[in-house]
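Biologist: Please take a close look at the strand pairing here. I would like the partners, the directions and the setting.

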Amino acid sequence: MGLFRFIFSKTFLIQLVLAIILVVVLGYATMQWLDYTTNQGDRIEVPNLAELSLSDVETMLKEKDLRYEILDSANFNPDYPRFSVIEQVPKAGKFVKENRKIYLTLNPSGYRKIMIPDLIRRTRRQAEPTLKSLGFEIGEITYKPDIAEDAVLELRHNGELIEAGDELMKTSKIDMVLGDGSGSYGQPVEEDSVDTEETNDDQFDF
């Protein structure tokens, strides 16, 4: 009974209130100390690094006490200078702490090379979409005598013959040589038969 009376006594209640107040004050003081020591109140606005070279990025971030790390190179974008920043994390305008690392994605030096597929004897309807889907452009279309109409006979780039397995830069222009369907490709003219016919005709001249 004595403990029960003490818990509900005025003295205990006063001590309990004082203990709660002390905990609150200490907690607040601790948070203020953490804010001060970790520079929580000092925020730096992330600058816009788009299209900047690495040397310019390094200078700008150093002035703001920020660091950077290159994540990777993206697909080549002709709208951005080569080796310039395409993307950044955090984005421009965000507020970060001092010495925060900014992650960068750079524009590569140019388009990557793509392997030419085997399209010889494929139809134009098959070859054109295949080349376009790989990132190539279709250049001049010319025809040669061949039994198959619109069949791919040759692929050329800048006048040079290209074959399956060769590699060209993406967006390269590829010229196509197609069959005209005449059926005379590779078939020599049979002049001997013409001469024979003329000889036979001469034998019957009187």
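Modeller: Arg 67 has Lys 101 in β5 as its bridge partner. That pair belongs to a parallel pairing: 6 bridges join strand β2 (residues 67-73) to strand β5 (residues 101-106). Strands here are DSSP runs of E, at least two residues long, and helices are runs of H or I, at least four residues long, both numbered from the N terminus. Two strands count as paired if DSSP finds at least two bridges between them.

This is a predicted model: local features need pLDDT of at least 70, side-chain atom pairs need pLDDT 80 or more, and totals for chains, interfaces and linings use all residues. Numbering runs from 1 along each chain as its sequence is written, and side-chain values use heavy atoms, without hydrogens and water.

β5 also pairs with strand β3 (residues 85-89), over 4 bridges and in the antiparallel sense. There, Glu 87 stands opposite Thr 105.

Now β11. Strand β7 (residues 137-144) runs parallel to β11 (residues 173-180), and 6 bridges join them. Ile 141 faces Met 176 of β11 as its opposite residue. Strand β8 (residues 149-157) pairs with β11 in the antiparallel sense, over 5 bridges. Glu 149 has Asp 180 in β11 as its bridge partner.

For the setting, the protein has 5 helices and 11 strands. Of contacts (heavy atoms within 4.5 Å) between residues at least 6 apart in sequence, 70% join residues at least 24 apart.
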